[in-house]
Amino acid sequence: MQQYFIKGNPHSPLEVTDKDTAKHMFSVMRLKEGDEVVLVFEDGIKRLARVLDVEARQFELVEELADNVELPIQVTIASGFPKGDKLEFITQKVTELGASAIWAFPADWSVAKWDGKKLAKKSEKLEKIAQGAAEQSKRNLIPEVRLFDKKADFLAQLAQFDTIVVAYEESAKEGETAALVRALSGLGAGAKVLFIFGPEGGLSPDEIDAFHQAGAVSAGLGPRILRAETAPLYALTAVSVLSELMN
């Protein structure tokens, strides 16, 4: 069954006013009177809805659904600005894997240099990708997308997290294998976890020091060296195994 995210609070009858959503519903999927879809409002609750009037883009809400597929802990993925369209790939895939937020910042060794205008366009594009991926994977929420113009602004946000893990290539090279599991073990439901990943060139020693001063732990992600766009997928898979499948 098709799922769509709707801004605002739930009410019935409901008129779909977002042009892109309405176009997909009625032009692409060709919904007609009596067809049912799942609508998710900003409260994160899924609701079964039935088409009342195609011309008016109007639905009635039928019932609340108990389905909740969110990870038990809130995971933010933060990446140093990567090259090309890698951030688009990361956004789509970590949304499917359950991230609650996707952040990016100008790392010391980032090749990509994005000014304010480029960041605004990039953010808009990533938000659409996140929404599409959240609908496809039947999420209860759309991850927040936030691109930082200055690294200092990113560093100022670190105090809000319960656990910060830095994926560090040198830890993997040294054979470190326990830090990731230790960092994720024993976290209660709703805990806020931040994973920090470098761009293609990795994170600089100064950045590692700054993250450690903020309370972060460095961890290897297995014995193999992962690409900038692969490491976040590994981390979220580990979170799912430890917090969902093993429980």
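Does lysine 46 count as buried or exposed, and at what relative accessibility? At 2% relative accessibility, lysine 46 counts as buried (buried is under 20% relative accessible area, exposed over 50% and partly exposed in between, with a 1.4 Å probe and protein chains only).Is lysine 46 buried or exposed? At 2% relative accessibility, lysine 46 counts as buried (under 20% relative accessible area is buried, over 50% exposed, and in between partly exposed, with a 1.4 Å probe and protein chains only). The model is predicted, so local features need pLDDT of at least 70 and side-chain atom pairs count only at pLDDT 80 or more, while totals for chains, interfaces and linings use all residues. Residues are numbered from 1 along each chain as its sequence is written, and side-chain values use heavy atoms, with hydrogens and water left out.

The unreviewed UniProt entry places the feature "domain: Ribosomal RNA small subunit methyltransferase E PUA-like" at residues 18-63; positions follow the numbering used here, feature names are shortened, and annotations may be inferred rather than shown by experiment. Over residues 18-63 the chain is 22% helix and 41% strand, with 22 Å between the end C-alpha atoms (helices, H or I of at least four residues, and strands, E of at least two, are DSSP runs numbered from the N terminus).

The whole structure holds 14 salt bridges, each a side-chain nitrogen of Lys or Arg within 4 Å of a carboxyl oxygen of Asp or Glu. In one of them, aspartate 67 meets lysine 46 at 2.6 Å, N to O. Aspartate 67 lies in the loop between β5 (58-65) and β6 (74-80) and lysine 46 in strand β4 (residues 46-53), so the pair ties together parts 21 residues apart in sequence. Aspartate 67 is partly exposed, at 38% relative accessibility. Lysine 86 forms another salt bridge, with glutamate 229, the closest N and O atoms being 3.8 Å apart. Because lysine 86 lies in helix α2 (residues 86-97) and glutamate 229 in the loop between β11 (217-219) and α8, this pair ties together parts 143 residues apart in sequence. Glutamate 229 is buried, with a relative accessible area of 15%. Salt bridges with shared partners also join Glu36, Arg50 and Glu60 into one network.

Ten aromatic pairs are counted, where rings of Phe, Tyr and Trp (its six-membered ring) pair if their centres lie within 6.5 Å, and planes under 30 degrees apart count as stacked, over 60 as edge-to-face and the rest as tilted. The rings of phenylalanine 195 and phenylalanine 197 have centres 6.1 Å apart and planes at 20°, so this pair is stacked. Phenylalanine 195 is buried, with a relative accessible area of 0%, and phenylalanine 197 is buried at 1%. Ring pairs also link Trp103, Phe105, Phe148, Phe154, Phe161 and Phe211 into a cluster.
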